[in-house]
Amino acid sequence: MNRLAAFALGVLASCAPVPDAPPSRAVTLMNTLPPMKAFTTNAVTPATRPNAEMAQDFLDLSFRMESGRTIPVMSRFEGPITVRTSGTVTASLERDLQALLGRLRDEARIDISRTDASQASITVEAVPQAELQRAVPRAACFVVPRITSWDEFLLTRHTSQVDWTTLRTRERAVIFVPADAAPQEIRDCLHEELAQALGPLNDLYRLPDSVFNDDNIHTVLTGFDMLVLRAFYAPELSSGMTRAEVANRLPALLARLNPGGQRAGAPVLADTSRDWITAMETALTAGSTPGRRRQAAARAIQLGEAFGWQDTRAGFALYANGRLQVGHNSAAALASFNAAEAVYRASPITAVHTAHIAVQKAAFALAAGDAQSTIEIVEEAIPVAKRHQNAALLATLMMFKAEALTMTGDTVAAEALRLDSLGWARYGFGSDLNVQARLAEIAALRPF
C-alpha cells in the first residue's frame, strides 16, 4: 500500500563501492547533460504461472492487508473510473499517467480515463517529498480511501474514515506522490499505488513477477498484475463478495481470462512468516544500527533456510544481506550476491532480479580492474533492464560498461555509451546533481 522510501533508495538504486580499492585518479564529469529519455513502448510478458497458483495469490492479495489484518469483503469501483491530478504536477508525471491509463484500458480492460474536472474517482496529488516523509516517514508514496486531498488526509489519518477494511464499495481515493522526486520514482509510485487504489491492497514477498511485492524489484505493472486487475473488474465479481464467494468463482474466471494457465504446476508457495517480514523490515529500513540491520538480514536468511525456501524470498534476503555487508566485509558481500544470483537464475521469471545483482557484481569486477568481466556482466543485464523499463538500473549498467571500455583503451566507444546513459540517468535519478553523483561513484571504482 506504500512504496518503501528507505529501501528504494538504499538498496535498489545503489552500487557497491568497494572500500578495499580506493580511486587513484580524478573523475571527469560532464558539464552539460543530454535531454531526458523516456520509454515509449511496453513489451509486457503475459502471466506465465499456473492459474491455480495465481488464484491463491489473488485471494491473499485481495483479502488481507500488509499488516496481516483480514479484509472481510472485496471492494472495487463500480462503473467508469476517472483520474485527476493536483499539486505540483510535472510533465513527466502527466505523460507517465496517460501511458499507464492506456495500459489499464488495453490490458486490464478497466473503464478508466483522465479528467480535468474538480472531482474524480481517484486524485493523484503531488506533495513535496519532505512533507510526505514528515507525515509517513517510511513511505515514498501511498494511497488513501474516501478522501481527495492532502489537507483531508492530515485531518483524517488517524480515523476509521481512511480504514480500507471498512469499505464495501470504492467511490473516492487519493494517491500521494513526491512532487520533487526523480521522474522514474514518481512513475513507479503511479504504477503501484494506482494498482492498489483500483484493486488488491496487500503485498506478498513470495511473488516473483509483480509490483505487489515489497521488494520493489518490479517498477512497472507486469503481465501478472494486469491479469489480477482484469480479474478484479471482471463481471463475475463485484463489491461486497466474501473471500469464499470469490474463491468459488476464480477457477472459471481465470480459465476464461488466461486459458494458457490451465495446467498443473508446482505446489503453491507457503505464506511468508511474520518473523521473516519483521527481520527484513529491520534490515531494509534506516533507524537501526548497521550491526543490527546485518543481524536482521542474517536472521531472514536463516528463517528462509529453515522453511526450505528456494524462491525469490531466499534470493531477496541474500541480496539485502550483500548490500549491508558492502563496506563492512567485502568477501561476505560478494558471497551473498553470488548466492542470491544462483537463486534468481533458477527461474526465467526472475531475470530482472538477476540484473540487479549484476550491478553489485560489476562494481566488484570494475574495482578489481577486470574490464572484460565487467563488460560481460553488464551486457547480459542491459537488455533486461530496458525491457523492464528501469532507467536507473539501465543507466547504471551502461555507466559500468563505459568505465570498463575506458580501461580497455576504447575511449571513443566509452564516451558514446556514457553519453547515451545520461539521458536514461536523468529519468532514473532526477536532478543533474544526482546524475553526476552516480557517474562519479562508478568512475571512482576504476583503479586506473
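Against which helices do the buried residues of H14 pack? In this predicted model, they pack against helix H13 (351-367) and helix H15 (391-408).

**View 1. Helix H14 spans residues 371-387.** The helix has 17 residues, and the distance from its first C-alpha to its last is 25 Å, close to the 24 Å expected at 1.5 Å a residue. A bend of about 30° occurs at Ala381, and a proline, Pro383, follows within four residues. Ala381 is also one of the buried residues of H14. After H14 comes Gln389, whose phi is positive, near 55°.

**View 2. Helix H7, formed by residues 223-232, is largely enclosed by the rest of the structure.** Of the 10 residues of this helix, 9 are buried, which is why H7 is described as largely enclosed. The buried residues are Gly223, Phe224, Asp225, Met226, Leu227, Val228, Leu229, Ala231 and Phe232. Four helices receive the packing of these buried residues: H2 (51-62), H3 (91-107), H6 (183-198) and H8 (243-257).

**View 3. Asp209 is placed in the loop between H6 and H7.** The relative accessible area of Asp209 is 8%, and this residue therefore counts as buried, the limit being under 20%. Its side chain makes a polar contact with the side chain of Arg49, at 2.9 Å. When residues up to four places away in sequence are not counted, Asp209 touches Arg49, His218, Thr222, Phe224, Asp225 and Ile349. Among these neighbours of Asp209, Phe224 and Asp225 are buried residues of H7.

**View 4. Strand S4, made up of residues 122-127, is largely enclosed by the rest of the structure.** In a regular strand, side chains alternate between the two faces of the sheet. In S4 both faces are covered. Ile122, Val124 and Ala126 are buried on one side, and Thr123, Glu125 and Val127 are buried on the other. With 6 of its 6 residues buried, S4 is therefore largely enclosed. Strand S2 (residues 81-87) runs parallel to S4 and is joined to it by 5 bridges. In this pairing, Arg84 has Thr123 of S4 as its bridge partner. S4 also pairs with strand S6 (residues 173-178), again in the parallel sense, over 6 bridges. Here Val127 stands opposite Pro178 in S6.

**View 5. A disulfide joins Cys141 to Cys189.** A disulfide is a covalent bond between the sulfur atoms of two cysteines. For this structure the count comes to 1 disulfide. The S to S distance between Cys141 and Cys189 is 2.1 Å. The link of Cys141 and Cys189 is left-handed, with -90° about the S-S bond. The pair links distant parts of the chain, 48 residues apart: Cys141 lies in strand S5 (residues 139-145) and Cys189 in helix H6. Cys141 has a relative accessible area of 0% and is therefore buried. Cys189 likewise counts as buried, because its relative accessibility is 0%. Helix H6, in which Cys189 lies, is also one of the helices against which the buried residues of H7 pack.

Conventions
Residues numbered from 1 in each chain as written. Predicted model: local features only at pLDDT ≥ 70, side-chain atom pairs only at ≥ 80, totals over all residues. Heavy atoms only, no water. Helix = DSSP H or I, 4+ residues; strand = E, 2+ residues; numbered from the N terminus. Expected span 1.5 Å × (residues − 1). Bend = angle between axes of the 7 residues up to and from the residue. Buried < 20%, exposed > 50% of the residue type's maximum accessible area, 1.4 Å probe, protein only. Contact = heavy atoms within 4.5 Å. Pairing = 2+ DSSP bridges. Polar contact = N/O pair within 3.5 Å; in protein donor to acceptor, adjacent residues only side chain to side chain. Disulfide = S-S within 2.5 Å.
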